[in-house]
Amino acid sequence: MLQIEQEIKSLKEELVNMGDLVKAQLHKSKLALKNFDKNLAREIVIKERRVNGYELKIDRDCENVLALRTPVAVDLRFVLAVLKINSNLERIGDIAEGIAKYIIHTETKFATTLLERSKVLQMLEVAISILEDGMASFEHENTILARSIFLRDEFLDEVNSQAIDFTKGYLVEKPSEIDEVLYILSIIRKLERVGDHVKNIAEEIIFYIEAKVLKHNKDLQP
Amino acid sequence: MESTIIKAVNYNAYFGDNQVVKNVSMDIARNSVIAVMGPSGCGKTTFLRGINRMHELVPSAHANGKIWLNDEDILEMHPIVVRLKIGMVFQRPNPFPNLSIHDNVLAGYKLNGIKLSKSERERIVEESLTKVALWKEVKDSLMKKGTFLSGGQQQRLCIARAVAMQPEVLLFDEPTSALDPISTAMVEELFKELKKNYTLIIVTHNMQQAARVSDKTAFFYMGELVEYDETKLMFTNPTDQRTQNYITGRFS
């Protein structure tokens, strides 16, 4: 195996591991929110340092491949895609940490009704699922799976677009839960951004494999 | 709009029965830089040497098809006339060792028996050396031997010798493979300047050089022109798998 092939293989493994780590962070944030588990939330905050460390390591490895191997064609697209996917994963990691911090700072447990009616847990499930498929499509170079993400992200957009009406309606009914409702609103906003990050990841995977630029081009997206 | 200066149409070149360039057709735009790359023995140098009729200097070598220079078929022209219009620079700097820098620049005129007045000679020497960014470095030592210069300077002197004949096209056969990185960078910078007045065709094994200096790149393999496209495209998204394998180093 050529040196560049070995380095690309190792970059791929690192990014898959980074994806697993971020996915675990998001999954834990869902459990911590559902069970109001402050200990788990603290664990997420501590593990965020590992996500940041991983991001720096992958960036450095990409820099080395660019400087020392001068990749071209599919290799170049791969390294460029890894750089961008890495950055998007790190931001999803930040979002998991942000959710954890809300749980740590909230004094009262989130009401089950609030969690159900806001659809925030469903959003988390969708976010975790599309992230999982996004990273699987990267690992197995499956652009069909990557393309499926563009449609599945719509649920996150939909809940986000209804969030203000939901918040107003819920507060009229239960004004005493104002702090919790506002935290949930913020989490909904964050989860909508997770959808955007995973879409960015899908675009990078398609760029790497098919050399097609989908970014800012709605016509090419399903 | 860019105009075509060289147009190869179904060009074939042979050494005896061995066909080394197979049915190559390509258009080369005026004032562009074309990189020709491919593994050893792919026919790229033979194709380059075919463009100024040097291929046939080898016993048993022959060629057919067409290569148009503007509206003249190179294969029908007198080889000397072709070489006046299409200059060539080789892998190793080859200034005439017994001639001064000054006389090296004018060697093409002397060898072709073209008489020049003193003022013409001085003008051509200064202009040619200026075009290759060598004038300032050698203007006070024009009567020294060409071999007195460093390798990079000698190669620029050889380019000046080609430029002095006011060709339309310059062919380069691995022009920097014998040079250090600094001299290579200077020659590459020179390509940008030369492009304003000439069309450059460069055979190179250095893929990064092809990427840095050329507008279009041609990839040859086993005598065939596999792919010929914008250099940016060739190095980011080549169409042919053989090109991709070659430029990414996965060629077996």
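Predicted model: local features only at pLDDT ≥ 70, side-chain atom pairs only at ≥ 80, totals over all residues.
Residues are numbered from 1 along each chain as its sequence is written, chains are lettered from A and ligands numbered from 1 in the order written, and side-chain values use heavy atoms, without hydrogens or water.

**Stop 1: chain A**

Select chain A and colour by charge. There are 32 positive and 38 negative side chains. The centres of the two sets lie 2 Å apart.

Switch to cartoon. Chain A shows 9 helices and 0 strands (DSSP runs numbered from the N terminus: helices are H or I, at least four residues; strands are E, at least two). Along the sequence the pattern reads α-α-α-α-α-α-α-α-α.

The accessible surface of chain A is about 10400 Å², and 51% of it belongs to carbon and sulfur atoms (Shrake-Rupley method, 1.4 Å probe; for residues, only the protein chains shown count as cover). Of the 222 residues in chain A, 49% count as buried (under 20% relative accessible area; exposed is over 50%, partly exposed in between; 1.4 Å probe, protein chains only).

**Stop 2: the sheet in chain B**

Move to chain B. Find the open sheet of 4 strands, order 2-1-4-5, with antiparallel pairing (two strands pair if DSSP finds at least two bridges between them). Strand 2 (18-29) and strand 5 (72-73) of chain B stand at the edges with a single partner strand each, so one side of each has no neighbour in the sheet.

Select residues 4-15 and 61-69 of chain B. These are strand 1 and strand 4, antiparallel and joined by 8 bridges. Pick Tyr14(B): opposite stands His62(B), in strand 4 of chain B.

**Stop 3: Ile5(B)**

Stay on strand 1 of chain B and centre on Ile5(B). Is Ile5(B) buried or exposed? Ile5(B) counts as buried, because its relative accessibility is 1%.

Show what surrounds Ile5(B). Beyond neighbours within four places in sequence, its contacts include Ile28(B), Trp68(B), Leu69(B), Val169(B) and Thr199(B) (contact means heavy atoms within 4.5 Å).

Terms used: Lys, Arg positive; Asp, Glu negative; His and termini not counted. Charge placed at Lys NZ, Arg CZ, Asp CG, Glu CD.
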